[in-house]
Structures are given as structure tokens and as C-alpha cells.
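Let's walk through a protein model together, one question at a time. Have a look at it first.

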Amino acid sequence: MATRLGLGLPQNKQYSLGRDVPDVARAAEAMGYESLWVYERALFPVASTQGLYGIEGVPWPEGYRGVADPLVTLTLAAAATGRARLGTSVLVAPLHVPFQLAKALASLDAAAGGRVVAGLGTGWSLDEYAAAAVRPFEERGRVLDEVIDVCRAVWGPDPVSYEGGHTRISPAVVSPKPARPIPILLAATSKAARRRLVDKADGWMPVAMGAGTLAAQWRELRELAAERGRTLPLQTVLRANARYSAEPYDGPDRAPFRGSVDQIVQDLAAHAEVGLEEILVDLQSSTRDAEELKDVAEELYTAARAAGI
């Protein structure tokens, strides 16, 4: 069975939100992409001492200077498409009030006819937490737990009631409901996060760091699921942050998904062999505009399918 392929939507500053998101979404669906994805970056700190992913000295990418709101972007894509699934990879859950996030995702899923996939994570930016988080950074895991629980409650039957550390819902009717149960996927890199995934979520959403690393992580996660008695299958979506170039990248330090379309397809093939269900490719950081993004996305999809991916 072929690996499902998804495409990252154009959220970065070089794109026109109102024009390019519907345009790319329609085109990607027509090409055959089975899902469309957004990510979340709340701000770009001008003078932060914290590097990318919390690593000292690693600068934030220029593409993060102005990232459109993920749920607004998905709403535009939902209105322009009728088949493709609509996913977040990922929402930084503790930057959102749990009830409001649950209601927004339910409304979007109802409007889209049951196509939303909720990828959630805890994030890493102290600047984003200072500006927007509902609780301090140190409590991020507990907040994510509560977000998941509140979502399950709000999306479930009425009357909805919930009592948690930060959220209290007295018995109430909460509508609209999702068109179907919205899958919750987690990035889950730490041991505690993987336990949360196995116990509370529907699936796993890793970032591509090499096929060998991915295979080892997938094996460990399945072993953990067996140890903890999970019987439900884990849904899987791999995020591949691609750096496209018109010419092949010949450097000895070529990272996965960096280079020409042919090189990216080779990496897709290697990662697809690990056995995950779906790979989303985000090209937006390395294309100039929506026209180039569509051209590269179409070439990539055609080449990937020709290669049996």
C-alpha cells in the first residue's frame, strides 16, 4: 500500500495568506495530495537569548518572521477543498485556552465534514510562553494533558462537564460537535511524552531526522505500547521539513530532505520503508512564492508516485 502524502500550506511571510492558501490547497488536492498541514510559531523574538529548539547559539530561521495563525490558515484551506484531510503539525497546546481550542477544532471539523487531524505538542520557545501561555513553561506537560482531556470531553456527548487543574466546565451543551472523533497525534520525543502518547493519544507525529533514527524510534514506541497494554493501533504521520534547491546538493553533510526533487524523493523512499502511514512534506521555506511551491509540489508528487512511494 502506497504511503499517503501530505503538503505543508504556505504560512510564511513571502506568501499572501488570503490568496495563496486557498490556491495552493486546491492545487495540492487536485495533484493527489491526501492531506494539508499547518504549523505554529506565535512570534519571532528580536533579542532572545534562546536559540532554535532551545539550543544555544542556533538562530531562528528567517521563515519564522511572520507565520500565519494555523487555525485561520486551515479554515481557508477547508473552504477551498473537499477531500484532503486538514492537520496541525503541530499546535503548541499550552499557548491555547483548552476549552477554546477544543471548541475551535470541533467547529472546523464540523464545517469541513470530518477532515481535521489535531497534532499537538508542548513547544520549546520561552518567548512564546511568556507572551501567550496559559501556564508557565515548567507546567507544559500537565497543560497538554488537560488540553487532551478537555478536547475529549467537549467533543463527546452533551451535557459536557469537566473538572481539571485549570478548566472547569459545569454541565453544559457545547456545540457544534466534530463530524467524527478528531484524531489527536503527539510529537512525543521524551520518555514522559511517549508514555502520554501511548496512554492518551491516537497516534504519533515525529519529525524526520534520518530513516535509521526514525526506525529506532518507531520500534521503541511500539515496544512501549505493548508494555503498557495498548491494543489500539497507533496512527502515524511523519513531518519532513524539506529544503528544496533546483540543483542537487552535493555537500558531504547533506541532511535528509535537502536538495533537488530527486534527492528529496530518495529520502522519501528511505523513510517510507520504515512503515509509517503518511509523510507530510513542507516545502514552503525554500520556495519563492506560491507558483514555485505548486510547481515543486507537483513535480515531487509525480516523482514520488513513479518511485512507488
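Buried means under 20% relative accessible area, exposed means over 50%, and partly exposed is in between, using a 1.4 Å probe and protein chains only. This is a predicted model, where local features need pLDDT of at least 70, side-chain atom pairs count only at pLDDT 80 or more, and totals for chains, interfaces and linings use all residues. Residues are numbered from 1 along each chain as its sequence is written, and side-chain values use heavy atoms, leaving out hydrogens and water.

Q: Which residues of α8 are buried?
A: Helices (H or I, at least four residues) and strands (E, at least two) are DSSP runs, numbered from the N terminus. Helix α8 covers residues 261–272. Its buried residues are V261, Q263, I264, V265, D267, L268, H271 and A272.

Q: How far apart are the end C-alpha atoms of helix α8?
A: The expected span of a helix is 1.5 Å times one less than its number of residues. With 12 residues, α8 should span 16 Å, and the model agrees, because its end C-alpha atoms are apart by 16 Å.

Q: Is S89 buried or exposed?
A: Look for S89 in strand β3 (residues 85–92). Its relative accessible area is 6%, so S89 counts as buried.

Q: With which side chain does the side chain of S89 make a polar contact?
A: Contact means heavy atoms within 4.5 Å, and S89 touches W37, V38, Y39, M205, R239 and L280, not counting residues up to four places away in sequence. A polar contact is a pair of N or O atoms within 3.5 Å; within protein, one must be able to donate a hydrogen and the other to accept it, and residues adjacent in sequence count only if both atoms are side-chain atoms. At 2.9 Å, the partner of the S89 side chain is the side chain of R239.

Q: Is A79 buried or exposed?
A: A79 sits in helix α2 (residues 70–80). Its relative accessible area is 72%, so A79 is exposed.

Q: How are α3 and α5 oriented to each other?
A: Axes are lines fitted to C-alpha atoms, for helices over the stretch in contact, and angles run from 0 to 180 degrees between N-to-C directions. Helix α3 (residues 98–112) and helix α5 (residues 140–155) pack at about 50 degrees, with axes 9 Å apart. Angles under 35 degrees count as roughly parallel, over 145 as roughly antiparallel, 65 to 115 as roughly perpendicular and the rest as oblique. The two helices, α3 and α5, are therefore oblique.
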